[in-house]
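Please look over the sequence and the model below before reading on.

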Amino acid sequence: MLDGTAQADVPPGRVALGVAYRGLKYHGWQSQPDGNTVQDKLERALAEFVGLPRGEAIATVCAGRTDAGVHALNQVVHFDAPVTREIFSWVRGTNRYLPEDIAVQWAQNVEPDFHARNGARGRRYAFLVRESAVRPAIEAGLCGWVFRPLDLDSMREAAQALIGEHDFSAFRSSQCQALSPVKQMRRIDINRIGDYWRFDFEASAFLHHMVRNIMGALITIGSGNQPAAYMTQLLAERNREVAPPTFPPAGLYFVGPQYDQHLGIPRRTAAHDWLPRVPVELLHADDPRPLITSPRP
């Protein structure tokens, strides 16, 4: 990857981008006929940057499709460049044609067989939720909201049942197109930071609405409406109809995908530091279990 101080001319080929966006105004990532999606905006911006005629676009493939209202810190995208450009110009040049709430963060040349979606070894999401008596205002749409107190211990105990390889049918949307409901949940971390809760999820892949449906169950348990063992029961029943409602999308962030290290794909952008984080020295100071994890494959 090159930054603004080191640029190089390269022939047309496959390029990977890291894109951050605020999803409030868009109907999700995936292209739709009305054109109001992140993919539509990005593909048109790329086309304008290279001078394609109006109405034409450069096709892109992303690491993880996000729903309406969901944000991304490091959405990795690949496309086949039709022209030669300095690598960093794909950042500055494309951003010139993007709305202010979508921005390319980095660009990198990749091998012709690199695939943003199929090549990902894992994906990470974060959910930011405010616990307060009144709804958010300044951070509206950027965090979820609960007005009942949440219990940390019960949510952590419930989350433990999700670690490992499971059939996640109970947390799968009826519109999900995945071939199998079996996924491996590798890590869940739950922290309170002032009036905010941060939930972090890492898995091999996620089903449609899987994180939001898990959040619905965690909030139900954390609010005291169900015991921690309720999560195990939901997993065993494999029935979406008996599970709690889907949690709203506000506050959900696609943190980004993970690839084999030799590919050198960045895992962070500046936007990662925007989300509240617990100081390292205070992480679970009163809990001998620093994280809820399973062994990596």
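The model is predicted: local features need pLDDT of at least 70, side-chain atom pairs count only at pLDDT 80 or more, and totals for chains, interfaces and linings use all residues. Residues are numbered from 1 along each chain as its sequence is written, and side-chain values use heavy atoms, with hydrogens and water left out.

Two packed helices are described by the angle between their axes and the distance between the axes. Axes here are lines fitted to C-alpha atoms, for helices over the stretch in contact, and angles run from 0 to 180 degrees between N-to-C directions. Helices (H or I, at least four residues) and strands (E, at least two) are DSSP runs, numbered from the N terminus.

Helix α3 (residues 152–160) and α4 have axes that come within 8 Å and cross at roughly 140°. α3 is therefore oblique to α4; the term covers angles that are not under 35 degrees (roughly parallel), over 145 (roughly antiparallel) or 65 to 115 (roughly perpendicular). The crossing of α3 and α4 is right-handed, that is, the near helix is turned clockwise from the far one by less than a right angle. In α3, Ser154, Met155, Ala158 and Ala159 meet Leu218, Ile221 and Gly222 of α4, where contact means heavy atoms within 4.5 Å. This contact has five nonpolar, two polar and no charged residues. Ala, Val, Leu, Ile, Met, Phe, Trp, Tyr, Cys and Pro count as nonpolar, Asp, Glu, Lys and Arg as charged, and the others, Gly among them, as polar.

Helix α4 (residues 210–222) also packs with helix α5 (residues 230–237), at an angle of about 145° and with the axes 10 Å apart. This crossing is right-handed. From α4 the contact uses Ile214, Ala217, Leu218, Thr220 and Ile221, and from α5 Tyr230, Met231 and Leu234.

α4 gives the largest share of the lining, three residues.
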